[in-house]
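Visitor: I am new to this structure and would like to be taken through it. Please show it first, and then I will ask about its parts.

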Amino acid sequence: MSLSAKIKNLVRPTYRRLKSWYIEKFQAFTPADLTAALRELGLKPGDVVMAHVAFNRFEGFRGGPGNVVASLLEVIGPEGTLLMPTMPFGGSAVDYIARVKVTDLAKTPSAMGFVTEVFRRTPGVIRSIHPTHPVAACGPKAVELTHNHHLARTPCGSGTPFLRLLDHAGKILLLGADIRTMTFYHGVEEAIEAKFPRSPFTNETFELQTKAPDGTIYTTQTRLFERELSKRRDISILEAPLWEAGALKSVSVRRVPLKLVDARSVFELCNKMADEGQFCYVF
């Protein structure tokens with residue numbers, strides 16, 4: 001081992017201790033701070049909101065994943081509806097279905113992070129019936145938003161909780177999460193598919209199965225996202241024009257950025273860009 005490598009190994013633990021001390025001393029925040037920041041951001045009672053949470057960004061948070069869920073539910077109130085994507089895989093849906101023949105909704109955890117899994121297990125939360133892109137939801141509009149998800153022709157398009165956000169003035173919330181995690185965009189892809197120079201979906205229609213919590217097996221006929229083209233997708237292309245239009249709001253709670261945008265603004269921007277031959281892909 002080189003001298004520089006030995007020095008780095010000696011210094012690294014000290015750096016980590018100093019960083020942890022600094023965050024705890026000067027960057028700590030509580031669930032109450034998070035709740036206040038969500039209200040400042042513009043989230044309000046009665047909202048229908050799909051949340052994406054990167055809990056690993058919550059450095060200094062004096063709470064756990066359950067406190068994040070509690071803050072969200074407190075802000076939107078009993079008249080609001082909270083949704084979170086709970087896909088059971090990371091990476092490609094095509095790769096996932098090659099490994100898993102039946103998605104058991106009761107037993108299969110969310111692979112979208114700690115907060116989504118805690119939310120999935122929260123009493124009163126339901127999970128849409130879909131083999132690759134199930135959505136957890138809680139609130140008075142949860143059933144309406146999630147029903148018959150298994151009948152949709154693509155995972156996030158028409159007839160799914162994602163594109164149904166448009167029918168309910170839905171908002172998309174990013175808690176420490178990058179805009180690239182915005183699954184709603186995949187629903188937009190179906191809506192504007194005819195405008196693409198090349199379809200983002202597979203030519204093949206897959207027959208997949210989902211086991212509901214009551215044991216019923218549901219069959220889904222769906223196209224999935226084309227694996228190679230998906231590697232070129234970059235939803236961050238939307239961020240600057242959303243900022244410029246005033247559609248994307250942002251606040252921070254200590255080191256954690258919080259962003260909020262309404263689904264309709266994203267949908268309209270993507271349509272406008274597509275008409276101009278612009279898409280969220282890097283070729």
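Guide: The axes of α2 and α3 cross at roughly 40° and come within 9 Å. That angle makes α2 oblique to α3. The model is a predicted one.

Visitor: Is the crossing of α2 and α3 left-handed or right-handed?

Guide: Two packed helices are described by the angle between their axes and the distance between the axes. For α2 and α3 these are roughly 40° and within 9 Å. The handedness of the α2 and α3 crossing is right-handed.

Visitor: How many residues of the contact of α2 with α3 are nonpolar, polar and charged?

Guide: From α2 come P31, L34, T35, L38 and R39, and they meet N67, V68, S71, L72, E74 and V75 in α3. Sorted by class, the contact of α2 with α3 has two charged residues, three polar and six nonpolar.

Visitor: At what angle do α7 and α10 pack?

Guide: Helix α7 covers residues 184–191 and helix α10 covers residues 263–275. The two are oblique to each other, and their crossing is right-handed. Their axes lie 10 Å apart, at an angle of about 40°.

Visitor: Into which classes do the residues of the contact of α7 with α10 divide?

Guide: On the α7 side are F184, Y185, V188 and A191, which meet A263, V266, F267 and C270 in α10. The residues of this contact include no charged and no polar ones, and eight are nonpolar.

Visitor: Why is α7 described as largely enclosed by the rest of the structure?

Guide: The buried residues in α7 are F184, Y185, H186, G187, V188, E189 and E190. What covers them includes β6 and α10. Helix α7 is largely enclosed because the buried residues number seven of the eight.

Visitor: Which residue in β2 stands opposite V48?

Guide: Strand β1 (residues 48–53) pairs with β2 over three bridges, in the parallel sense. In β2, the residue opposite V48 is T81.

Visitor: How many residues of β2 are buried?

Guide: Strand β2 has both faces covered. On one side T81, L83 and P85 are buried, and on the other L82 and M84. Of the residues in β2, those buried are five of five.

Visitor: Which strands stand at the edges of the open sheet of three?

Guide: The order of the three strands is β3-β7-β8, with mixed pairing. Each edge strand has a single partner, so one side of it is left without a neighbour in the sheet. The edge strands are β3 (102–104) and β8 (217–222).

Visitor: Which residue in β8 is the bridge partner of K211?

Guide: Strand β7 (residues 206–211) pairs with β8 in the antiparallel sense, over six bridges. In β8, the partner of K211 is I217.

Visitor: Is I129 buried or exposed?

Guide: I129 lies in the loop between β4 and β5. Leaving out residues up to four places away in sequence, I129 touches L105, H149, H150, T210, A212 and Y218. Its relative accessibility is 18%, and a residue under 20% is called buried. I129 therefore counts as buried.

Visitor: By what distance are the C-alpha atoms of Q27 and V256 separated?

Guide: Q27 is placed in the loop between α1 and α2, and at 17% relative accessibility Q27 counts as buried. Along the chain, Q27 and V256 are 229 residues apart. Their C-alpha atoms are separated by 9.8 Å.

Notes. Residues numbered from 1 in each chain as written. Predicted model: local features only at pLDDT ≥ 70, side-chain atom pairs only at ≥ 80, totals over all residues. Heavy atoms only, no water. Axes fitted to C-alpha atoms, helices over the stretch in contact; angles between N-to-C directions. Helix = DSSP H or I, 4+ residues; strand = E, 2+ residues; numbered from the N terminus. Parallel < 35°, antiparallel > 145°, perpendicular 65-115°, else oblique. Left-handed = near helix turned anticlockwise from the far one by under 90°. Contact = heavy atoms within 4.5 Å. Nonpolar A, V, L, I, M, F, W, Y, C, P; charged D, E, K, R; others polar. Buried < 20%, exposed > 50% of the residue type's maximum accessible area, 1.4 Å probe, protein only. Pairing = 2+ DSSP bridges.
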